[in-house]
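This report describes one structure in plain terms, going from a single chain to the way the chains meet. Please look at the sequence and the 3D view before reading on.

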There are 2 protein chains.
Amino acid sequence: MTRRRSNPLALAVLACLIERPMHPYEISTTLRERGKEQSIKLNYGSLYSVVESLQKHGLIVAQDTQRAGRRPERTTYAVTPAGVDEFEDWLAELLSTPVKEYPALEAALSLLPGLAPDEAARLLELRVTKLDLELSSLEAMHAMADRMALPQLLRVESDYRVAMVVAERDFVRRLASDIRSGSLGGTAFWRRMYELRDQGVSTEEMFAKPREYFDEEVAAWLAPKDHTGAEPS
Amino acid sequence: MTRRRSNPLALAVLACLIERPMHPYEISTTLRERGKEQSIKLNYGSLYSVVESLQKHGLIVAQDTQRAGRRPERTTYAVTPAGVDEFEDWLAELLSTPVKEYPALEAALSLLPGLAPDEAARLLELRVTKLDLELSSLEAMHAMADRMALPQLLRVESDYRVAMVVAERDFVRRLASDIRSGSLGGTAFWRRMYELRDQGVSTEEMFAKPREYFDEEVAAWLAPKDHTGAEPS
DNA sequence: ACGCGAATACTCTGATCGGAGTATTCGTTT
DNA sequence: AAACGAATACTCCGATCAGAGTATTCGCGT
């Protein structure tokens, strides 16, 4: 009963077995052929442990085990009524309820002052070019899908990716430019800190005598009366 | 040497120790106070194993171990020069290089035809209302931050979240409406399938006699000459 | 006829994670 | 003054994961 509904691969497995009984390897090739691998992480280690766990919970049952020649056994599984219910319920939950996720970029942005401003801007601009590349390859795939008259319904997940990548690119491009121009609030302080560091001033020294090293606005921030519970850095 | 740079919590630990030496629990409260917990998953189990691994790789060193009264020991760690390098390098990589991620919604969308169209649309509309709620709470936090004159630099990660949530909401709203109106390619077929299923027609039956159950356009799709290698469903 | 790479179909193992559990102390209430 | 909850500072363990490794067979070229 522990940590059910953690790995979406289990949901994909249920989806396959609802179509017809299959053995695990067949599930993996089916998912691959249909391009689900792009949206759902698939590796063998997880596949077999997920299948075992589904079986343990009664959502699927082993139908039969056979071997062709002296190859490893192939166990075919079928979905149970409970499995169908679980599939529908789980999918409904995923669609209706946003969950907190932790994209790598969000983590990186939260530590942004750990690099110098111009360096950060450079790296973000580099990211923009890579995102543009990714977008053109996604759009090439869409053009191909259109030529094959593949219904949009079967590539919504890919449309979603495009929407998200576009949003990320626009945000990052804007951010890089705001750092360059200094219009991102706090950049002046950030820039000054790295300037001083380059001149060999230690961080303690800077904070000990803010009025000596920073302009009025920033210095005020560094020695706040703190009537709100706020804090710098 | 295995799987370094997997858990971004290790990056946050380095960031803390670059400021000054701390013991693990202090790192956790520091991250929490600064709201990094919103962007970087933090739980004790991972924290202590990540610290151990950083130490094993020579990126941090145990500085001293003491105990106050009969409480558990507190081991203070400091970052090494190699640790500073690793921090800068890793952060640079995270900023400059997009990595493939697997958001739950993308997985769910790739299995969308597993639910009936109107049900799917209903669930997506529900999601839109929840995303709107999330947005208003994020914007309330921003208004608060502005009143406290918190520089924008220290909340870029939150601005990023807002941008992504807005993009997701707009996409999902659009998708739900396209399903309702039928303007999403393939919806007619999808709708008809669930109509027939409600009437008790089995899936095999439908696909055996496409011309009997579907209109011309769809039937043509279900028995393709397949000159491209494409396949339905 | 035989060698070789690709495909088939898993198995195994060490790492990592999540989250519940533990033991102590401090501050506040009753 | 005793009791209680909150905070401190971890420890532990089962579950999960990633991905390298294994063994067999098939098809194809020479």
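## Chain A on its own

Of the 233 residues in chain A, 30% are buried. The model is a predicted one, and every value in this report is computed from it.

The secondary structure of chain A consists of 11 helices and 2 strands. Read from the N terminus, the order of the elements is α-α-α-β-β-α-α-α-α-α-α-α-α. Chain A has a radius of gyration of 26 Å, while the globule rule gives 17 Å for 233 residues; the value is well over the rule, so chain A is more spread out than a compact globule. Along the principal axes, the C-alpha atoms of chain A fill a box of roughly 80 × 45 × 40 Å.

Contacts within chain A can also be sorted by separation in sequence. Taking those between residues at least 6 apart in sequence, 58% join residues at least 24 apart.

## Where the chains meet

How many residues of chain A are in contact with chain B? There are 63 of them, and they are in contact with 64 residues of chain B. The side of chain A that touches chain B draws at least two residues from each of α1 (8-19), α4 (81-96), α5 (104-110), α6 (117-147), α7 (156-181) and α8 (187-198) of chain A. The element that gives the most to this side is α7(A), with 9 residues. Sorted by class, the side of chain A that touches chain B has 43 nonpolar, 10 polar and 10 charged residues.

## The relation between the copies

Two packed helices are described by the angle between their axes and the distance between the axes. For α7(A) and helix α7 (residues 156-181) of chain B, the axes come within 10 Å and cross at roughly 150 degrees. The crossing of α7(A) past α7(B) is right-handed.

On the chain A side, the contact is made by Val156(A), Tyr160(A), Ala163(A), Met164(A), Ala167(A), Phe171(A) and Leu175(A) of α7(A). On the chain B side, α7(B) contributes Val156(B), Tyr160(B), Ala163(B), Met164(B), Ala167(B), Phe171(B) and Leu175(B). By class, the residues of the contact of α7(A) with α7(B) are 14 nonpolar, no polar and no charged.

## Two single residues

Val166(A) is placed in helix α7 of chain A. Val166(A) counts as partly exposed because 16 C-beta neighbours lie inside 10 Å. In sequence, Val166(A) and Leu135(A) are 31 residues apart; in space, their C-alpha atoms are 7.6 Å apart.

Ser137(B) lies in helix α6 (residues 117-147) of chain B. Is Ser137(B) buried or exposed? Ser137(B) is exposed, because 10 other C-beta atoms are within 10 Å and a residue with 12 or fewer counts as exposed. Ser137(B) and Gly35(B) are separated by 102 residues in sequence and by 15 Å in space, C-alpha to C-alpha.

Technical notes:
Residues are numbered from 1 along each chain as its sequence is written. Chains are lettered from A and ligands numbered from 1 in the order in which they are written. This is a predicted model: local features need pLDDT of at least 70, side-chain atom pairs count only at pLDDT 80 or more; totals for chains, interfaces and linings use all residues. Two residues are in contact if their C-beta atoms, placed from the backbone, lie within 7 Å. Helices (H or I, at least four residues) and strands (E, at least two) are DSSP runs, numbered from the N terminus. Ala, Val, Leu, Ile, Met, Phe, Trp, Tyr, Cys and Pro count as nonpolar, Asp, Glu, Lys and Arg as charged, and the others, Gly among them, as polar. Axes are lines fitted to C-alpha atoms, for helices over the stretch in contact, and angles run from 0 to 180 degrees between N-to-C directions. A crossing is left-handed if the near helix is turned anticlockwise from the far one by less than a right angle, and right-handed if clockwise. A residue is buried if 20 or more other C-beta atoms lie within 10 Å of its own, exposed if 12 or fewer, and partly exposed in between; C-beta atoms are placed from the backbone. The radius of gyration is taken over C-alpha atoms; the globule rule is 2.2 Å times the number of residues to the power 0.38.
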